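Reader: I have a model open and would like to go through it with you. Can we start with how contacts are counted?

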Amino acid sequence: MPNRAIFFDRDGVLNKDIHLLCKIDDVIIPPDTIDAFKLLSGVECKKIVVSNQTVISRGLASENEVDNINQHIDNAILTLTSCKIDRFYTCPHHPDATLEKYRKNCDCRKPKPGMLQEAAEDYDIDLTQSWMIGDRISDIIAGHRAGCRTILIQTGMHKEKPIISDDMDLSISPDYTCNNLHEAVLIIVKDWT
Ligand SMILES: [Mg+2]
Ligand SMILES: [Zn+2]
């Protein structure tokens, strides 16, 4: 049987969004994230993070430094909840990247569904049985395009209107909207049982 998955955006979903997070010391994991993963530790599903990291394309942090931050988040959650994140996928690209190396119109930058599709191949995931949780409409569009159901978390950072790019279909709206990650995970677990 194929696996089901929850896809998480990182900043503003797992950790507090402080805008352009570049240092481990600045990682803040709120209590509702801990509650969410305590709940998920007993649930059979892949836990996958899919994150656009413009700090890389802007030259503010290296791929390695972002990997270290991801590792730190994974370790903190594992220590506090016994729940392990299966994999972090990161898009380092941007069409207007400061660093030429990362300047491209890639297939992985959300709202494109590339990272979710890659994970589905890597982990044999049935996307129609899976969910995407994010705090921006670009997360919701990526999840929807991949064939997942979606939950928008309103943490406050992105309540203003999103910056619209050509590849955003704003007729797409989340299946659910809630206030934090714990509420989102409760919706999914209830749906799965
Ligand atoms: Mg975010
Ligand atoms: Zn990319």
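Author: Two residues are in contact if their C-beta atoms, placed from the backbone, lie within 7 Å. The model is a predicted one.

Reader: Using that, what share of the contacts between residues at least 6 apart in sequence join residues at least 24 apart?

Author: The share is 70%.

Reader: Which elements are there, and in what order?

Author: The protein has 6 helices and 6 strands. Starting at the N terminus, the order is β-α-β-α-α-β-α-β-α-β-β-α.

Reader: How compact is the protein for its length?

Author: As compact as a globular protein of that length, because its radius of gyration is 16 Å, close to the 16 Å that the globule rule gives for 193 residues. Along the principal axes, the C-alpha atoms fill a box of roughly 45 × 40 × 35 Å. Of the 193 residues, 39% are buried.

Reader: How many bridges join strand 5 to strand 6?

Author: There are 3 bridges between strand 5 (residues 149-153) and strand 6, and the two run parallel. L152 has T177 in strand 6 as its bridge partner.

Reader: And strand 1 with strand 2?

Author: Those two pair in the parallel sense over 4 bridges. I6 stands opposite K47 in strand 2, and the partner of F7 in that strand is I48.

Reader: Which residues of strand 1 are buried on each side?

Author: A5 and F7 are buried on one side, I6 and F8 on the other, and both faces of the strand are covered. For strand 2 (residues 46-52), 5 of the 7 residues are buried, so strand 2 is largely enclosed by the rest of the structure.

Reader: Why call helix 5 largely enclosed?

Author: Because 10 of its 10 residues are buried. Among them are the charged residues D139 and R145, as well as I137, I140 and I141. The cover over the buried residues of helix 5 includes strand 1, helix 4, strand 4 and strand 5.

Reader: What comes just after that helix?

Author: G147, with a positive phi of about 100°.

Reader: Where else is phi positive, glycine aside?

Author: S82 is one such residue, with phi near 65°. S82 lies in the loop between helix 3 and strand 3. D124 is another, with phi near 50°, and its place is in the loop between helix 4 and strand 4. Most residues other than glycine have a negative phi.

Reader: Is S82 buried or exposed?

Author: S82 is exposed, because it has 12 other C-beta atoms within 10 Å and the cut-off for exposed is 12 or fewer. D124 also counts as exposed, with 12 C-beta neighbours inside 10 Å.

Reader: Now peptide bonds. Which residues does the cis one join?

Author: The cis bond joins K110 and P111, with omega about 20°. P111 lies in the loop between strand 3 and helix 4 (114-123).

Reader: Last topic, helix packing. At what angle do helix 1 and helix 3 cross?

Author: The axes of helix 1 (residues 31-40) and helix 3 (residues 63-81) cross at roughly 65° and come within 9 Å. The crossing is right-handed.

Reader: Which residues meet there?

Author: From helix 1, I34, F37 and K38 meet I77, L80 and T81 of helix 3. By class, that contact has 4 nonpolar, 1 polar and 1 charged residues.

Notes:
Residues are numbered from 1 along each chain as its sequence is written. Chains are lettered from A and ligands numbered from 1 in the order in which they are written. This is a predicted model: local features need pLDDT of at least 70, side-chain atom pairs count only at pLDDT 80 or more; totals for chains, interfaces and linings use all residues. Axes are lines fitted to C-alpha atoms, for helices over the stretch in contact, and angles run from 0 to 180 degrees between N-to-C directions. A crossing is left-handed if the near helix is turned anticlockwise from the far one by less than a right angle, and right-handed if clockwise. Two strands pair if DSSP finds at least two bridges between them. The radius of gyration is taken over C-alpha atoms; the globule rule is 2.2 Å times the number of residues to the power 0.38. A residue is buried if 20 or more other C-beta atoms lie within 10 Å of its own, exposed if 12 or fewer, and partly exposed in between; C-beta atoms are placed from the backbone.
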